[in-house]
Amino acid sequence: MVKERTRILVVGGGYVGMYTALRLQRKLKAELRRGEIEITVVTPDPYMTYQPFLPEAAAGSISPRHVVVPLRRVLDHCRVVIGEATSIDHAARTVTVTTLASADAGRAELLGYDELVLAPGSVARTLPLPGLAEYGIGFKTVEEAIGLRNHVIEQMDIASSTRDPAIRDAALTFVFVGGGYAGVEALGELEDMARYAARYYHNVRAEDMKWILVEASDRILPEVGAEMGRYTVTQLRRRNIQVLLGTRLESCADRVAVLSDGQRFPTRTVVWTAGVKPHPLLAATDLPLTDRGRLRCTAQLTVEGVEHAWGAGDAAAVPDVTAAEPGTLTAPNAQHAVRQARVLGDNLVHALRGEPLETYAHAYTGSVASLGLHKGVAQVYGRRLKGYPAWFMHRVYHLSRVPTVNRKARVLAEWILSGLFKREIVSLGSLEHPRAEFELAAGGKHPHDPKGSS
């Protein structure tokens, strides 16, 4: 195929990065064995996070280690570099990478490549709101999901151990900003978990807690359709969850959530899930970008007007050739990312072999969302499901999509065990400050919050 070793560099270890590298090592097995191809994956974490399982991990239905896929095990024929790509000079075919070793040495490393797959994904889209940086909690990584679980249980502990009504009210008020998948599923699962945990507190009842969902638009879960969105609002309100549509968070300074409609909620919990934006790495490249900062790509998943560069996923603006209106882009979701990675890997192999490229064409098949244990909504191939059937469909679909048989078996086993035994309601907030106890014993300064994340 090639006479000299071709260096393929994959930037990002998420859906697109992992699945593309997996596809490449399968398609180029013979070339890798002969040393004609080298595949390098640069990623800040040594694992890929299956984000649809984050709400269940936060609720305790799945162990955190089963939500992630270790890249070194899956990509055993690739070189995995744990580091942060900070800039890309495609004209010189180099990427600047900061690793743990280079950070200690005070200098970055340069990695050369012949073919670039740029898939850094997205980051949380935040606003310059007072108090958000100090008190806001994200929900995009497994660390944030488990931290939020610990935090919610700690707030129940605080409310149970205080006689101050103001502290108790703030501890039991939970504000979620954003009515998309992340916000609604996280709220539904955590409210379900907290409602169950309340039975083990002698002075905290489920009715004492306030759960508030703030959404700037006039609907939630737009992916499942308007009708199912209205059904979701009705179901959440029946659980005494306040759903505030057409409302924005204006401030959360001093642990007080101030909304655009004038309402004020003293709270120790503000979860921010109001959308994502392209990874800032894209701005540090010489590749073409759209007005919204996404990588400008073709339907063949090449970077528009540039050779030897490829892109897909949240960071890429890929034309949707199945849409009725020209100029429509594919939605930045996991369904497209996984399928784009497969086509991208195949097209990269085609390009190396001088074969024609395929066009990415995939019609959106539908959406599923969990609202807690045995509760959900779904719209699949035009059919609408509610309640238990939708929740079951949600689990079946994502179990089929989670990578590797190993992870599928572990997740299924945990679901079976959680159905047979009671939920765990233990907070392990001390994991976030593992050295606090030793530092105190060794005569160090007493930390402000030695045991938890509150």
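Arg107 sits in the loop that links α5 (100-105) to β7 (109-112); helices here are DSSP runs of H or I with at least four residues, strands are runs of E with at least two, and both are numbered from the N terminus. Arg107 is exposed, with a relative accessible area of 61%, where exposed means over 50%, buried under 20%, and partly exposed in between, using a 1.4 Å probe and protein chains only. From Arg107 to His151 is 44 residues in sequence and 37 Å in space, C-alpha to C-alpha.

A word on what you are looking at: this is a predicted model, in which local features need pLDDT of at least 70 and side-chain atom pairs count only at pLDDT 80 or more, while totals for chains, interfaces and linings use all residues. Residues are numbered from 1 along each chain as its sequence is written, and side-chain values use heavy atoms, with hydrogens and water left out.

Let us move on to helix α10, residues 226-238. Its 13 residues reach 19 Å from first C-alpha to last, close to the 18 Å expected at 1.5 Å a residue; that expected span is 1.5 Å times one less than the number of residues. Met228, Gly229, Tyr231, Thr232, Val233 and Leu236 are the buried residues of α10. After the helix comes Asn240, with a positive phi near 65 degrees.

Next, visit Gln335 in helix α11 (residues 334-352). Gln335 counts as buried because its relative accessibility is 8%. Its side chain makes a polar contact of 3.2 Å with that of His362; such a contact is a pair of N or O atoms within 3.5 Å, where within protein one must be able to donate a hydrogen and the other to accept it, and residues adjacent in sequence count only if both atoms are side-chain atoms. Setting aside neighbours within four places in sequence, Gln335 is in contact (heavy atoms within 4.5 Å) with His362, Ala363, Tyr364, Thr365, Gly366 and Tyr397.

Gly366 leads us to the strands. Strand β22 (residues 366-372) runs antiparallel to strand β23 (residues 375-380), joined by six bridges; strands pair if DSSP finds at least two bridges between them. Here Gly366 stands opposite Val380. The β22–β23 hairpin has two residues between its strands, and His374 takes a positive phi near 65 degrees there.

β23 also pairs with strand β24 (residues 383-386), again in the antiparallel sense, over four bridges. Ala378 faces Leu385 across this pairing, standing opposite it. In the β23–β24 hairpin, with two residues between the strands, Tyr381 has a positive phi near 50 degrees.
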